[in-house]
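Please look through the structure shown here with the following guide beside it.

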Protein chains: 2
Amino acid sequence: MLSRLQDALSEHDVDTIQITYSETEHGLYMLRSMPSVDVAIVQCHFEPVAIELLSLLRRKAKSVLFDGATVSGLDVDAVASNWRVSLDMCMRHLIERGHRNIGMIGSTGRSRPIEAIRLHYESLRAWSPGGAVLHDPVWLDSLPNEDNLGEIGEALDVARRPDGSFPWSALVIWGALDGKLLQGVFSERDIAVPGDLSVVLLGHPGVATESNNFFTVIGSSAAETISALCELTLRRMADERAEFVTRYLEPVIAEGQSEVDTI
Amino acid sequence: MLSRLQDALSEHDVDTIQITYSETEHGLYMLRSMPSVDVAIVQCHFEPVAIELLSLLRRKAKSVLFDGATVSGLDVDAVASNWRVSLDMCMRHLIERGHRNIGMIGSTGRSRPIEAIRLHYESLRAWSPGGAVLHDPVWLDSLPNEDNLGEIGEALDVARRPDGSFPWSALVIWGALDGKLLQGVFSERDIAVPGDLSVVLLGHPGVATESNNFFTVIGSSAAETISALCELTLRRMADERAEFVTRYLEPVIAEGQSEVDTI
């Protein structure tokens, strides 16, 4: 996705350079020696952002733009997935297809977007939307960039009844980044998707590795994310003093073959 | 509330000093000349926090603790009102009392807690919780520390029908900080609360100026906020390397005389 963003910015004669770091300390070390830039676009999910890093970016760049609502409340711009609306859209979609027993797998991670999923699921659940029962959610210890597929498999084993059925007719999964490996998790267990269980992913429609051309995916599209990041970069370059904004993207649905109507 | 927090910390032999600033630049100027401290507790609602200020606080204090989820995703601790659960509790309370037509007044402000109210109201609304109609909300241009009471009055004038009635049987207001002045807004217009309209505030139960011993208030209590701030301060002083947390407070309801059952 980053290369697509670089292409989009190039079309507007904006030169970009990409730096990837694995350790904050090392990232800081590299950044200190870098010359100044107009806009720093930051992508760092799941972990708290060090104020020291932010402060250095602020000194090196006239403006800081986040991909994701990882941080908020600061003098930065951000483009963010709207997980609240994505979850609403997902539940509405499943309820319209007749599902009344819905399961949920997410993460215990403390970053704001992950927390938003948990809190919104708990809120929705208490309202029994459309008369549906939203079952006890499973919040995995792992993050999507860790081995969460193993944990997803374990959650399925725990939930499965002795007769092989599940308490849910549909399962929503957030944080599965590799659709092919996820299909493996189900097939290893002889769980037919969607025959035994409908599955919808909260993720990024248009990212082929997530859906693997099989799973239905709901979330903000990669194309829209790129276009919004590009737009906010150009806006900031045109006006350094523009109001700071977090732009929430409207979710879309990319329907796959992983879910069916139920009666 | 700050003095109550200072008292609570004194009981644990923690010395505190309070600095209040109106302009970020001036705050920065004052802070630069200050000696270092163990924990900086920051209270700044409604406006984006300057990274430069945060960075200075980080250098002056071993740890930074926010009153409010004003910023998130950083290496800071925070104690936050859970407005999502507060709004859920408020709607549940009104629905239990028979209300099925509910109005809402909040703010267009861009800070995270204000945004949370708007987004959650819109989400709830689309689900018609408990069969209730959540009417078009009014998002005021002003912030609670500005003249928002004038705007609340205008919103009431606009919503009122020619026969003097309202489209809602109950109205939820977020951001009214002075219960006495708010009562004036209704009485000036000959609107009997709760006779003509039940009113519930989302705010801070236990803060006498908000309820004026009249309004029902739902939100996190001042006492709980103080106790959580105190606890997180001591936790951080005991362990500089503890995981960074945002502690959401469970809302409570302080029932007043501003709402009635409806049929």
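How much area do chain A and chain B bury between them? The two chains bury about 3100 Å² between them, 57% of it on carbon and sulfur atoms, where buried area is the accessible area (1.4 Å probe) that two parts lose on being put together, summed over both. This is a predicted model, in which local features need pLDDT of at least 70 and side-chain atom pairs count only at pLDDT 80 or more, while totals for chains, interfaces and linings use all residues. Residues are numbered from 1 along each chain as its sequence is written, chains are lettered from A and ligands numbered from 1 in the order in which they are written, and side-chain values use heavy atoms, with hydrogens and water left out.

The contact between the chains (heavy atoms within 4.5 Å) takes 36 residues from chain A and 36 residues from chain B. On the chain A side, A:I51, A:R84 and A:W127 lose the most area to chain B, and together they account for 26% of what that side buries.

Charged pairs also cross this contact. A salt bridge is counted when a side-chain nitrogen of Lys or Arg lies within 4 Å of a carboxyl oxygen of Asp or Glu, and between chain A and chain B the count is four. In one salt bridge, the side chains of B:R110 and A:E243 meet at 3.2 Å, N to O. In another, B:E115 and A:R112 meet at 4.0 Å, N to O, and this pair crosses from helix α5 (residues 112–127) of chain B to helix α5 (residues 112–127) of chain A. Both B:E115 and A:R112 are buried, a word used for under 20% relative accessible area, with exposed meaning over 50% and partly exposed in between (1.4 Å probe, protein chains only).

Within chain A, an open sheet of four strands has the order β1-β2-β3-β10, with parallel pairing. Helices (H or I, at least four residues) and strands (E, at least two) are DSSP runs, numbered from the N terminus, and two strands pair if DSSP finds at least two bridges between them. At the edges of this sheet stand β1 (37–42) and β10 (246–249) of chain A, each with a single partner strand, so one side of each is left without a neighbour in the sheet. Strand β2 (residues 61–67) of chain A pairs with strand β3 (residues 77–81) of chain A in the parallel sense over three bridges, and here A:L65 stands opposite A:D77 in β3(A).

Chain B has an open sheet of four strands in the order β1-β2-β3-β10, again with parallel pairing, and its edge strands are β1 (37–42) and β10 (246–249) of chain B, each of which pairs on one side only. Strand β3 (residues 77–81) of chain B and β10(B) pair in the parallel sense over four bridges, and the bridge partner of B:A78 in β10(B) is B:T246.

How far apart are the end C-alpha atoms of helix α4 (residues 83–96) of chain B? They are 19 Å apart, which agrees with the 20 Å that its 14 residues should span at 1.5 Å a residue, the expected span being 1.5 Å times one less than the number of residues. Ten of the 14 residues of α4(B) are buried, so the helix is largely enclosed by the rest of the structure; among them are B:W83, B:L87, B:M91 and B:I95. After α4(B) comes B:G98, whose phi is positive, near 95 degrees.

Back in chain A, A:I218 has its place in strand β9 (residues 216–219), and A:I218 is buried, with a relative accessible area of 0%. Its contacts, not counting residues up to four places away in sequence, include A:W83, A:C90, A:V200, A:P205 and A:I253. The C-alpha atoms of A:I218 and A:V200, 18 residues apart along the chain, are separated by 7.5 Å.

Over all chains, the whole structure holds 30 salt bridges. A:D157 forms a salt bridge with A:R189, the closest N and O atoms being 2.7 Å apart, and this pair links distant parts of the chain, with A:D157 in helix α6 (residues 148–159) of chain A and A:R189 in the loop between α7 (179–188) and β8 (198–202) of chain A, 32 residues apart. At 42% relative accessibility, A:D157 counts as partly exposed. In chain B, the side chains of B:R189 and B:E188 meet in a salt bridge at 3.6 Å, N to O, and B:E188 is exposed, with a relative accessible area of 63%. Finally, A:R97, A:E255, A:E259 and A:D261 are linked in a network of salt bridges.
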